[in-house]
Amino acid sequence: KLQEYKTSEITICLLHERSDISSVDAFIEKINKNYPKGIANNSLELLPITSSELTQCKNAFMLFISDVRNRDINSAIEFSRKNEILSMSYNPKFLENGVSTSIFIGRKVVPYINVEALQKSHIELNNILLRVSKIYKKN
């Protein structure tokens, strides 16, 4: 799906609870500071949303899910699958719910890939990303 964003804007929706907006704003500030010119010649649009605003993200490249309620996680995952949007979270527990990718941040940053969730979303990832990632498999 990234090919669709070659010369345009990459939209990343940031799903959060209303009470967590200050953390989301800080995250957006960090991203904008570290990527002032965007990524790969594409500008970034970072859109903070709550679960009631998901429909604003139908054409997004990624849905980043922060710590939200279980029912919101499930509706967000269903929305991302239906619209072929990459879902991501820093909470590895969400892989069990069906998030496509997660990031573990420790001494190293380790991406986790939920291959089953990617297949359900009809999303293909670059082989390089697959090689540096750990594959999540549901027990």
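The following dialogue examines how the named features of this predicted model follow from their criteria.

Tutor: The model is predicted, with local features requiring pLDDT of at least 70 and side-chain atom pairs counting only at pLDDT 80 or more, while totals for chains, interfaces and linings use all residues. Residues are numbered from 1 along each chain as its sequence is written, and side-chain values use heavy atoms, with hydrogens and water left out.

Student: Which parts does the pair Cys-13 and Cys-57 tie together?
Tutor: Cys-13 belongs to strand β1 (residues 9-15), whereas Cys-57 is in the loop between β2 (43-49) and β3 (62-65), so the pair ties together parts 44 residues apart in sequence. Helices (H or I, at least four residues) and strands (E, at least two) are DSSP runs, numbered from the N terminus. Both Cys-13 and Cys-57 are buried.

Student: How do you know whether Ser-87 is buried or exposed?
Tutor: The relative accessible area of Ser-87 is 1%. Buried means under 20%, exposed over 50%, and partly exposed in between (1.4 Å probe, protein chains only). Ser-87 therefore counts as buried. Its place is in strand β4 (residues 86-89).

Student: Which residues are in contact with Ser-87, leaving aside its neighbours within four places in sequence?
Tutor: Contact means heavy atoms within 4.5 Å. The residues in contact with Ser-87 on that basis are Leu-63, Ile-65, Ser-80, Gly-98, Val-99, Ser-100 and Thr-101. A polar atom of the Ser-87 side chain lies 2.8 Å from the backbone nitrogen of Ser-100.

Student: What makes Glu-116 and Lys-120 a salt bridge?
Tutor: Their side chains meet at 3.3 Å, N to O. A salt bridge is a side-chain nitrogen of Lys or Arg within 4 Å of a carboxyl oxygen of Asp or Glu, so the pair qualifies. The structure holds 1 salt bridge.

Student: Where do Glu-116 and Lys-120 lie, and how are they separated?
Tutor: Both are in helix α4 (residues 115-121); because they are 4 residues apart, about one helical turn separates them. Glu-116 has a relative accessible area of 43% and is therefore partly exposed, and Lys-120, at 44%, is also partly exposed.

Student: How many aromatic pairs does the structure hold?
Tutor: The structure holds 2 aromatic pairs. The rings of Phe-27 and Phe-64 have centres 5.3 Å apart and planes at 25°, so this pair is stacked. Rings of Phe, Tyr and Trp (its six-membered ring) pair if their centres lie within 6.5 Å; planes under 30 degrees apart count as stacked, over 60 as edge-to-face and the rest as tilted.

Student: Which elements hold Phe-27 and Phe-64?
Tutor: Phe-27 lies in helix α1 (residues 21-34) and Phe-64 in strand β3, so the pair ties together parts 37 residues apart in sequence. Phe-27 is partly exposed at 33%, whereas Phe-64 is buried at 10%.

Student: Why is the pair of Phe-64 and Tyr-90 called tilted?
Tutor: The distance is 5.7 Å centre to centre, with 35° between the planes, and the pair is tilted. Tyr-90 lies in the loop between β4 and α3 (94-97), so this pair ties together parts 26 residues apart in sequence. At 38% relative accessibility, Tyr-90 is partly exposed. Phe-27, Phe-64 and Tyr-90 form one aromatic cluster.

Student: How do you know that strands β5 and β6 pair?
Tutor: Two strands pair if DSSP finds at least two bridges between them. Strands β5 (residues 101-105) and β6 (residues 109-114) have 5 bridges, in the antiparallel sense. They form a hairpin with 3 residues between them, and Ile-105 has Val-109 in β6 as its bridge partner.

Note on methods: Polar contact = N/O pair within 3.5 Å; in protein donor to acceptor, adjacent residues only side chain to side chain.
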